[in-house]
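Here's a quick briefing to read alongside the model. Take a look at the structure first, then go through the notes by topic.

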Amino acid sequence: APHVNRALGYLRFLEGDFRGALEATDLSLAGYEALGDVEFFLKQLGPKIFLLMFLGRGVESTMLARGYVDWIRKHGDLRQLSSALSTAGTTLTNEDPRASFALEMEGLEVARKGGFGSLELGILVNGAESAIELGEFAKAEEMLARLEEFPSLPTGDMLAYNLNQANLAAYRGDAERARQAMAALPQEELARSITWVPRVRAVVSTQSGDPEPGYELALGAIRVEKGGPNVPFALWTATRAALWSDRQLPQAASCLKTLLDETATLRGSWALNARASLEASLAGLDGHRDVAIAGFSQVLKTWKAMNLPFDHAATVGDALVVLGADGVSPEEIESATEYFSGIGAVPMLERIKKATSG
């Protein structure tokens with residue numbers, strides 16, 4: 001019976017029925033525990049953690065993941081530890097991306113030490129994505145280069161590899177390379193990636209100078225997966241797309257209000273600060289300049305405290321679009337300019353230059 005429920009849970013997950021998948025997964029866990037089957041019990045904890053995350057139960061998911069890692073450190077083997085670290089890293093994304101990446105890198109090191117090629121492969125594709133979102137472009141390149149050393153990649157990992165290549169190229173301003181990577185996505189995997197693919201398409205579109213469809217793509221991803229791991233990043237992209245667009249001010253403000261409504265259930269320190277940045281932008285567009293200045297100031301302080309220079313610099317760029325150069329301190333502008341120049345984030349750098357040149 002546990003095996004049947006395990007298979008049923010996976011089937012329901014593929015169908016997008018996350019609640020049904022969680023019910024079946026819980027039944028399988030109860031069955032494995034009753035049988036004393038520790039191996040399969042642990043194998044099912046990972047899916048449960050991810051399902052809780054997809055259902056918007058982030059706190060529960062994170063607590064379970066941390067307990068999972070603690071237990072494995074004491075009682076598990078290297079393979080189980082690598083898997084648990086990777087799982088915990090993913091669940092921490094909305095809370096603390098820096099800590100999330102550190103767990104993924106620890107899991108990668110354990111996988112390499114144990115010679116677990118399949119685990120290494122999976123962590124590499126997730127780790128490269130995390131590195132890109134942190135602005136650690138050089139580290140992302142290292143991981144993508146390592147993926148190219150594998151004799152072949154399963155279609156799911158090939159999808160992730162090309163999505164990461166597209167994401168990285170877009171942030172660096174190489175629109176042609178980004179489009180080529182998107183064109184290379186394995187078609188048979190697209191139906192299973194109902195949020196990741198449109199989220200990256202949104203980044204490619206926005207960073208390539210076409211923010212209007214970027215906003216719609218990111219908003220669509222949010223509506224499909226209200227509590228999933230792609231939603232905060234989609235929110236981040238959609239906010240920027242709305243600000244970068246040629247829409248009239250009331251239309252841009254309307255776009256931001258829609259985003260606020262659609263992401264009201266988001267939890268986690270990172271996700272909430274991304275929403276706070278959105279709120280500051282909206283206040284500025286609505287004419288509440290003092291509120292916007294205070295809001296951006298607090299968001300920037302939080303990014304610094306979380307050691308997230310990419311998000312800090314991106315917020316400076318957003319504040320410049322909303323407030324103009326006289327609404328942002330020269331020190332913040334200089335810091336963001338130097339940072340984006342240093343990592344080669346060309347479109348983000350150009351937006352700052354555009355906002356400060358007038």
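Arg240 and Asp318 are both buried, and their side chains pair up in a salt bridge at 2.8 Å, N to O. That pair links distant parts of the chain, with Arg240 in helix H14 and Asp318 in helix H18 (residues 309-323), 78 residues apart. Bear in mind that this is a predicted model. In total, it holds 16 salt bridges.

**Other salt bridges**

- Arg223 and Glu262 meet through their side chains in a salt bridge of 3.0 Å, N to O. Arg223 sits in helix H13 (residues 211-224) and Glu262 in helix H15 (residues 249-262), so this pair ties together parts 39 residues apart in sequence.
- Arg289 bridges to Asp326, with the closest N and O atoms 3.2 Å apart. Here helix H17 (residues 289-305) supplies Arg289, and Asp326 comes from the loop between H18 and helix H19 (330-343), 37 residues apart.
- Asp326 counts as exposed because its relative accessible area is 67%, whereas Arg289 is partly exposed at 32%.
- There's also a salt-bridge network, made up of Arg112, Glu120, Arg146 and Glu149.

**A buried glutamate**

- Glu133 belongs to helix H7 (residues 117-133), and with a relative accessible area of 7% it is buried.

**Nonpolar cores**

- The largest nonpolar core has 94 residues, and Leu259, Trp270 and Phe340 have the most contacts inside it. Helix H14 (residues 231-244) gives the most to this core, with 10 residues.
- A second, separate core has 15 residues, including Leu29, Ile49, Leu85 and Leu103.
- As background, nonpolar side chains tend to be buried together in soluble globular proteins.
- Phe340 has contacts that include Phe310, Ala313, Ala314 and Met348, leaving aside neighbours within four places in sequence.

**A nonpolar patch outside**

- On the surface, Tyr10, Phe13 and Leu14 form a nonpolar patch with about 290 Å² of accessible area together.
- Leu14 is part of helix H1 (residues 2-14), and its 41% relative accessibility is why it counts as partly exposed.

Technical notes. Residues numbered from 1 in each chain as written. Predicted model: local features only at pLDDT ≥ 70, side-chain atom pairs only at ≥ 80, totals over all residues. Heavy atoms only, no water. Patch = residues over 30% accessible without salt bridge, like charges linked within 9 Å, V, L, I, M, F, W, Y side chains within 5 Å. Areas by Shrake-Rupley, 256 points an atom, 1.4 Å probe, with all protein chains shown as cover. Salt bridge = Lys/Arg side-chain N within 4 Å of Asp/Glu carboxyl O. Helix = DSSP H or I, 4+ residues; strand = E, 2+ residues; numbered from the N terminus. Buried < 20%, exposed > 50% of the residue type's maximum accessible area, 1.4 Å probe, protein only. Core = buried A, V, L, I, M, F, W, Y, C linked by side-chain atoms within 4.5 Å. Contact = heavy atoms within 4.5 Å.
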